[in-house]
Amino acid sequence: MSDFSPPLFEKLCCPLDGLPLTFESPSWRCASGHCFDTASQGYINLLPVQNKRSRDPGDSKEMVAARRRYLESGVYEPIAAGVWRALMDGLEGEAPYACLDAGCGEGYYPRYLRQQDQDGQLALIGLDISKWAVMAAARSSSDIRWLVGSNAQLPVPDGALDAVLCLFGFAVPEEFWRALKPGGIWVQVEAGPEHLLELRRIIYPTLKADKEENLVPPTGFSLETTERVRAQIRLDSQEQIADLLLMTPHLFRASAQGREQARQLTSLPVQLDVRIKVLRRL
């Protein structure tokens with residue numbers, strides 16, 4: 001294993017006026033005088049109050065804790081491994097590669113990529129609108145740049161990124177296009193038709209018809225590859241089932257009867273089924 005220290009991404013820009021930010025310990029400043037402090041946990045909050053749609057946007061402390069417990073059990077590792085393959089197969093040019101996870105949550109996927117990246121090829125950035133998620137992520141790894149921010153306005157200059165990841169998150173194609181270099185890649189992970197099917201059958205009275213897969217890429221991108229990752233996992237405690245529900249929108253969409261039925265479960269076999277798409281910026 002190499003002892004190479006991976007680079008920290010430094011090309012940040014001001015979310016208020018788009019000017020480059022420079023580091024003047026412990027703050028980041030732009031030429032207009034806007035200042036953003038580095039939190040004691042090591043992250044930078046680049047989501048101005050006027051850009052928030054609510055007082056405390058994104059996942060709550062409870063949702064973040066549930067997601068961390070669930071993902072650290074390793075049950076979604078087949079998905080993480082698929083993302084690693086897609087990323088490394090799609091990157092072009094010379095390292096280091098700037099890779100931003102847009103909607104990183106508590107940081108499971110960037111941490112997984114860092115563990116695989118034994119040669120220090122990736123300058124990883126994790127961004128999420130939830131300060132609780134980014135705070136938890138920053139506590140876990142100091143060799144990743146952690147940012148509070150919005151996918152609708154990535155706080156990076158035009159063409160600064162080699163890759164954008166959007167894993168079950170809110171994709172903004174025009175903003176991803178702006179932030180990516182020409183030839184850069186966008187790795188999108190979406191739930192497939194059988195994803196968590198066993199759980200969904202329990203919590204919903206009826207299941208909606210599956211949407212047809214959209215193979216038409218957004219303007220400015222070409223669809224390069226699509227991989228379907230499927231795996232059978234087993235949730236072996238009520239706590240793990242509850243964590244899965246809490247970390248997804250399913251908890252709030254499920255019927256009261258469905259939630260109660262889920263609370264009675266102590267184990268559950270579940271199908272993972274996701275599509276990993278690689279889109280290249282034209």
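Reader: How many helices and strands are there in the protein chain?

Author: The protein chain has nine helices and 11 strands, where helices (H or I, at least four residues) and strands (E, at least two) are DSSP runs numbered from the N terminus. This is a predicted model, in which local features need pLDDT of at least 70 and side-chain atom pairs count only at pLDDT 80 or more, while totals for chains, interfaces and linings use all residues. Residues are numbered from 1 along each chain as its sequence is written, and side-chain values use heavy atoms, with hydrogens and water left out.

Reader: Why is Lys-277 called buried?

Author: Buried means under 20% relative accessible area, exposed means over 50%, and partly exposed lies in between (1.4 Å probe, protein chains only). Lys-277 has a relative accessible area of 7%, and therefore counts as buried. Of the 282 residues of the protein chain, 49% count as buried.

Reader: How do you know that Lys-277 forms a salt bridge with Glu-190?

Author: A salt bridge is a side-chain nitrogen of Lys or Arg within 4 Å of a carboxyl oxygen of Asp or Glu. The closest N and O atoms of Lys-277 and Glu-190 are 3.6 Å apart, and the two residues form a salt bridge. This pair links distant parts of the chain, with Lys-277 in strand S11 (residues 268-281) and Glu-190 in strand S9 (residues 180-191), 87 residues apart. Glu-190, at 28% relative accessibility, counts as partly exposed.

Reader: What makes Arg-228 and Asp-273 a pair that ties together parts of the chain?

Author: The side chains of Arg-228 and Asp-273 meet in a salt bridge, at 2.7 Å from N to O. Arg-228 lies in strand S10 and Asp-273 in strand S11, so the pair ties together parts that are 45 residues apart in sequence. Asp-273 counts as buried at 0% relative accessibility, whereas Arg-228 counts as partly exposed at 41%.

Reader: How do you know that Arg-230 and Glu-194 form a salt bridge?

Author: Their closest N and O atoms are 2.4 Å apart, and Arg-230 forms a salt bridge with Glu-194. Arg-230 lies in strand S10 (residues 221-235) and Glu-194 in the loop between S9 and helix H6 (197-203), so parts that are 36 residues apart in sequence are tied together by this pair.

Reader: Which residues of helix H4 are buried, and what covers them?

Author: In helix H4 (residues 131-140), the buried residues are Ala-133, Val-134, Met-135, Ala-136, Ala-137 and Ala-138. Their cover includes helix H1 (61-72), helix H3 (108-116), strand S6 (122-128) and strand S7 (145-148), where contact means heavy atoms within 4.5 Å.
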